[in-house]
Amino acid sequence: MTTNWTAIGDINDIPLRGARCIRTPTGKIAVFRTAENEVFAIEDHCPHKGGPLSQGIVHGTAVTCPLHNWVISLETGKALGPDEGEVRTIPVKNDNGALYVALESLALAAAE
Amino acid sequence: MTETALEKLVVVGNGMAPGRMLEELFEKAPGRYAVTIFNAEPRVNYDRIMLSPVLSGEKDYEEIIIHGDGWYIKHGITLYKGHKIVAIDREAKTVTSDHGVTESYDKLVIATGSVPFIIPVPGKDLRGVITYRDLDDVQAMLLAAQSREKAVVIGGGLLGLEAAAGLQARGMDVTVLHVMPTLMERQLDPAAGYLLQKAVEERGIKVLTKANTKRIVGEEKVEGIELEDGRIIPATLVVMAVGIRPNAGLAKEAGLAVNRGIVVDAGMQTSDGNIMALGECAEVGGMVYGLVAPLYEMARIAASHLAGDRRAAFAHSDTPTKLKVTGINLYSVGDFADGDGREEIVLRDATAGIYKRLVLKENRIVGAVLYGDTGDGAWFNDLLNRGTDICEMRDTLIFGQAYQGGSPLDPMAAVAALPDDAEICGCNGVCKGRIVGAITSKGLTSLDDVRAHTKASASCGSCTGLVEQIMSLTLGDSYNPAAVQPMCNCTDLGHDDVRRLIKAKKLKTIPAVMQELEWKTSCGCAKCRPALNYYLVCDWPDEYADDYQSRFINERVHANIQKDGTYSVVPRMWGGVTNSRELRAIADVADKFNVPLVKVTGGQRIDLLGIEKEDLPAVWADLNKAGFVSGQAYAKGLRTVKTCVGSDWCRFGTQNSTGLGIRIEKFMWGSWTPAKLKMAVSGCPRNCAEATCKDIGVICVDSGYEIHFAGAAGLDIKGTEVLGLVKTEDEALEHIVALTQMYREQARYLERIYKWAKRVGLDEIRRQIMGDAEKRKAYFDRFVFSQKFAQVDPWSERVSGKDKHEFRPMATVGFNQAAE
């Protein structure tokens, strides 16, 4: 199956060590930009109590949830440290700063 | 006669190397020799290395004397000052001075040092052209500097740059000419040379590289320098500091083997069995030396041989170079040229001005260049000289000793392994041996004692950990360094150390803090970053650019995040006072944005809960229009000042408590504090505003204002402590502001005032705020200064467009685009 890459904007739309959201019919996705200019996308929904991860402090390749300080790996979506839980990660393509996400689950059922 | 029984030792030269040799000799073989010294300079032995501080005015000549006249008398030395030896008669075993004195010897030591190299250009003999070698040269420079005119230093090496810095410090307009593309190319690679040039230029010294001197211009006196490219640089003083060469002329005339220097074996013996040579004039193993450490080593070897120990042998070791210019840190050692089979490890931090480069060969350090942060120089040098295999720590080697965790190098072992002359405190030049010596000889047991006696770690404090490790090593179990709770897993430093070092090292950005304080993570964590951001905002209010990405979401969007991801908004109501117009505006906002809950808070204001993030700017815009500003109900900063109605209305009121509360709030709003700061002013001891469980509270009484502090009514419940009683409202404000500033400067991030007060001591706080008017005024002034940058309403700033992206989704995808 080929991947549907959906353009979401430019890397410079996201502050360094920050995040922006994209709205989808199945909920918000948080797109992060680390200090090293890596870009990651995960569900904007903390596995603990649903906190908006996009609002957390970004450090290294992790984010700390603003509600109860769970630390979520941006690479794996898994909670770090003693906490257990996981969020969905979404593949991101960074083409010279132009960002795309792969929204398989949405399927963008345009063809119908 | 006893004198005939003594062997006659004659020393030609009275510099640092023969001085050290004689010291060692008198210890090893006291009374064995009758010593005669001929010194071409008309003075005693002084520390030539310290000439630069004399030039710059940081030291006097008297302070750099190594051996005063008394020393020569005590050891029965005949010292001929200002006598230059012009001939050696090896047959007759005599030497003769330019003043005609002839002295015979059994053993002769030649220590004639070096002579400055003079570039053979026209005009080199003009008046005003001098070299930089001895005290006479320094005095000539000082005399010339009185004119405060232009000086040119030819040579951008160690000596030239020190001369330039000294002359500049004395008020001259200085240009450095250097023939190579980068400064100090023998000790530094091009990258470090570039950083050095920037630093030198920032001090106001001009630097011209690739500058070839064609001639020195002038009639009788120097007037300037002409370069090969035709440029003319005016100057009334020209200092030639292009290098030195061994002063071996005398030895050569006497027929001794001379190559670059006087050839000696590893025992400092020349080709004549009765003559030794040492110091800069000597060549041993094909090398000549100009730095003090190997010269002292030669002195030790020569003394051993003179004392009869023939086994002592000189061994080459690399000696680090340091530039003695205040404020410029650089360190280089060994060989750092590129080459086959060599690898390098480089660390750069442009913001912090740091460059480190290690050159490796077969897993061993062969060279190191450090610029900016030279703290690990001694350690690298030690690894280099020991030929330590660095394979195991290769990944973290460049970060220095502090990063070498794990088994092979526990920090204690590393400190234990440092030699006694390893420099521990760079600020005060204190080596390990001196610290150990002071601890044992003076019976020191506390860090403060060690600081007082040795000055180690007494300046910037960055070596405190090392000093404590040395104390542990020396005192064993009897010394227990206070366990410090690290800020977080990114560092071993506690909050207090970090705060102190931010000030001491003038660290003004988060990356600078992490670099200089050796953070273990690349960009910190959610614990340390907000703390560092606060410390920097507090310490450098005018210079630090607040880092929003290091703030908790509430402070980033000026509202309180709720469990469902919506926000609550609290406008400021000064002193809890409002009116119908304001209430109407709040009601309108509640209607317009379908606010699910409107609630009165504990701090006498109104909370609008359940607002979507995207709506925040519009909500603020409407509230701003009605005259509201942010209540900062989210901030680690000033929250509310709760009041009662006071003497204006209440039959018991003693003072205008409402007015004072409003005045305090208007004066202090916008200020960031370590943790939230809630206040209250009650108009009488009945205390309706509940001032006695606040961070800071005021109880108005007939005679004035009783200031309270350090209360709590949260996780802990605690009544306030009394700070003191003041008579007027102005005084009340000044005391409260000063107390707040003291707390801002000293507390750890997230530490409420009651916890800070318990740690610091109530009496100490009272002493500083109530008892010391000068201190109080200084705290007050610093707070006022910082408010200039803090009292910006974040709402209006955001409404006017700052960081708009924060409130909008980046993209909306998947909704019906297909239908289009």
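**Exercise 1. In what order do the five strands of the open sheet in chain B lie, and what is the sense of their pairing?**

*Solution.* The model is a predicted one. Step 1: the strand order of this open sheet is β35-β36-β37-β38-β41 (chain B), and the pairing is mixed. Step 2: β35 (638–643) and β41 (721–726) of chain B form the edges, each pairing on one side only. Step 3: from one strand to the next, the twist averages 15°. Step 4: strands of a sheet pair through backbone hydrogen bonds, in either a parallel or an antiparallel sense. Step 5: for β36(B) and β37(B) the sense is parallel, over four bridges. Step 6: as a specific instance, Ala680(B) has Gly697(B), in β37(B), as its bridge partner.

**Exercise 2. Determine which residues of helix α20(B) are buried, and explain how they are placed around the axis.**

*Solution.* Step 1: helix α20 of chain B spans residues 616–625, and its buried residues are Leu616(B), Val619(B), Trp620(B) and Leu623(B). Step 2: these residues lie on the same side of α20(B) because they cover an arc of only 95° around the axis. Step 4: the cover over the buried residues of α20(B) includes the helices α18 (553–557), α19 (580–592) and α27 (794–799), together with the strands β32 (567–569) and β34 (606–611), of chain B. Step 5: just after α20(B), Gly627(B) adopts a positive phi of about 95°.

**Exercise 3. Locate the residues annotated "binding site" in chain B, and classify Cys650(B) and Cys684(B) by burial.**

*Solution.* Step 1: according to the unreviewed UniProt entry, the annotation "binding site" covers Cys644(B), Cys650(B), Cys684(B) and Cys688(B). Step 2: these residues are spread over 45 residues of sequence but cluster in space, with a largest C-alpha distance of 10.7 Å. Step 3: Cys650(B) is found in the loop between α21 (646–649) and α22 (657–668) of chain B, whereas Cys684(B) occupies the loop between β36 (677–682) and β37 (696–701) of chain B. Step 4: burial requires 20 or more other C-beta atoms within 10 Å. Cys684(B) has 20 and is therefore buried; Cys650(B), with 16 C-beta neighbours inside 10 Å, counts as partly exposed. Step 5: leaving aside residues up to four places away in sequence, Cys650(B) touches Cys644(B), Val645(B) and Gly683(B). With that exclusion, the contacts of Cys684(B) are Phe652(B), Gly653(B), Thr654(B) and Cys700(B).

Methods: Residues numbered from 1 in each chain as written. Chains lettered and ligands numbered in written order. Predicted model: local features only at pLDDT ≥ 70, side-chain atom pairs only at ≥ 80, totals over all residues. Buried ≥ 20, exposed ≤ 12 C-beta atoms within 10 Å, placed from the backbone. Helix = DSSP H or I, 4+ residues; strand = E, 2+ residues; numbered from the N terminus. Arc of directions from axis to C-beta. Contact = placed C-beta atoms within 7 Å. UniProt positions renumbered as here; feature names shortened; annotations may be inferred. Pairing = 2+ DSSP bridges. Axes fitted to C-alpha atoms, helices over the stretch in contact; angles between N-to-C directions.
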